[in-house]
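Trainee: I've just opened this one and I'm new to it. Can you walk me through it, one question at a time?

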Amino acid sequence: MFIGHYAVALAAKKAAPRTSLGTLFIAAQFIDLLWPLLVLAGLEHVRISPGSTIVTPLDFYDYPYSHSLLGVLVWGVLLSGGYFVLKRDVRASIVLGLCVVSHWILDLLTHRPDLPLGIGGETRWGLGLWNSLAGTLIVESVLFAAGVFVYLKATRAKNRAGMIGFWALAGVLFAIYLANIFGPPPPSVSTIAVAGNVSWLFVIWAYWVDHNREAGQVVPGAPDRK
Ligand SMILES: [Zn+2]
């Protein structure tokens with residue numbers, strides 16, 4: 001899953017309106033931000049095996065620290081706790097923790113059984129939506145459209161940057177998603193690991209977009225803004 005994770009972050013803005021979309025991106029993509037670093041460090045492993053599933057040529061055979069159920073729960077608690085220490089916002093902290101865990105739930109839907117439950121065990125889960133190209137495209141596109149819709153309802157642009165910047169971000173994410181699915185397999189594992197860090201660009205972009213938008217709901221009785 002790729003844009004489905006961003007969809008969760010976009011929709012979570014409604015539940016945590018004071019939290020920047022950039023922070024929500026970090027949470028929903030947390031284990032995928034961690035994963036390329038762990039691969040580069042040699043702690044987790046992936047191999048390129050075209051036909052592994054219809055949608056992805058990647059065989060995620062070893063990624064217990066980022067993508068086990070135990071791992072994602074620990075990361076969720078750490079991120080949630082860290083945010084609480086910094087911001088003292090219980091509700092937003094819980095939303096961020098749930099965003100981290102949501103990543104594993106959505107990966108569970110799409111991956112073949114390669115998601116470990118713990119660090120050492122052999123049990124691996126995955127419902128294998130990636131074996132259906134149409135199913136993957138429909139589920140992720142619908143999720144993404146819903147996320148965009150909720151975010152646009154929960155916020156409004158303060159200026160043109162908030163409007164154009166948002167649509168450009170959504171468009172680039174969707175284009176990269178299609179390129180990943182329909183493009184050729186990556187040339188090497190190190191290319192995957194290095195390219196994976198591009199996700200940080202979307203985090204920065206989301207902070208910038210969110211900074212140029214404001215809460216969308218008009219509070220009853222409040223004086224008109226501007
Ligand atoms: Zn993932």
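Mentor: Buried means under 20%, exposed over 50%, and partly exposed in between, with a 1.4 Å probe and protein chains only. This is a predicted model, where local features need pLDDT of at least 70, side-chain atom pairs count only at pLDDT 80 or more, and totals for chains, interfaces and linings use all residues. Residues are numbered from 1 along each chain as its sequence is written, and side-chain values use heavy atoms, with hydrogens and water left out.

Trainee: How is the pair of Y6 and F25 classed, going by the angle of the planes?
Mentor: Rings of Phe, Tyr and Trp (its six-membered ring) pair if their centres lie within 6.5 Å; planes under 30 degrees apart are stacked, over 60 edge-to-face, and the rest tilted. A search of the whole structure finds 12 such aromatic pairs. For Y6 and F25 the centres are 4.7 Å apart and the planes sit at 70 degrees, so the pair is edge-to-face.

Trainee: How many residues apart in sequence are the parts that Y6 and F25 tie together?
Mentor: Helices (H or I, at least four residues) and strands (E, at least two) are DSSP runs, numbered from the N terminus. Y6 lies in helix α1 (residues 3-15) and F25 in helix α2 (residues 21-28), so the parts tied together are 19 residues apart.

Trainee: And is Y6 buried or exposed?
Mentor: The relative accessible area of Y6 is 2%, so Y6 is buried.

Trainee: Which helix holds F202, the other ring that pairs with Y6?
Mentor: Y6 and F202 make an edge-to-face pair, 6.2 Å centre to centre with 90 degrees between the planes. That pair ties together parts 196 residues apart in sequence, because Y6 lies in helix α1 and F202 in helix α10 (residues 199-211). Both residues are buried. So the helix you want for F202 is α10.

Trainee: On to charges. How many salt bridges are there?
Mentor: Side chains of opposite charge can pair when their charged atoms come close. A salt bridge here is a side-chain nitrogen of Lys or Arg within 4 Å of a carboxyl oxygen of Asp or Glu. By this rule the count is five.

Trainee: Is R18 buried or exposed?
Mentor: R18 has a salt bridge with D89, with 3.3 Å between the closest N and O atoms. D89 is buried at 14%. R18 has 70% relative accessibility, so R18 counts as exposed.

Trainee: Which residues share partners in one salt-bridge network?
Mentor: D59 and R112 form a salt bridge, with the closest N and O atoms 2.7 Å apart. D59 lies in strand β2 (residues 58-62) and R112 in the loop between α6 and β3 (115-116), so the pair ties together parts 53 residues apart. Bridges with shared partners join up R47, D59 and R112.

Trainee: What kind of site does the zinc ion have?
Mentor: Donors are N, O and S atoms within 2.8 Å of the metal (3.2 Å for Na, K and Ca), and with water not among the atoms, sites may look incomplete. The protein donors are D32 (OD), H67 (NE2), H103 (NE2) and D107 (OD), 2.1 to 2.3 Å from the zinc ion. Four donors are tetrahedral if all angles lie between 85 and 135 degrees; four are square planar and six octahedral if opposite donors are over 155 degrees apart and all others between 65 and 115; anything else is irregular. The angles among the four donor atoms run from 82 to 171 degrees, and the site is irregular.

Trainee: Last one: which helix gives the most to the nonpolar patch?
Mentor: The patch on the surface is formed by L43, Y65, L70, V74, L78 and I119, with about 540 Å² of accessible area together. Three residues of the patch come from helix α5 (residues 69-87), the biggest giver.

Methods: Patches are made of residues with over 30% relative accessible area and no salt bridge: like charges are joined within 9 Å, nonpolar side chains (Val, Leu, Ile, Met, Phe, Trp, Tyr) within 5 Å. Accessible areas come from the Shrake-Rupley method with a 1.4 Å probe; for residues, only the protein chains shown count as cover.
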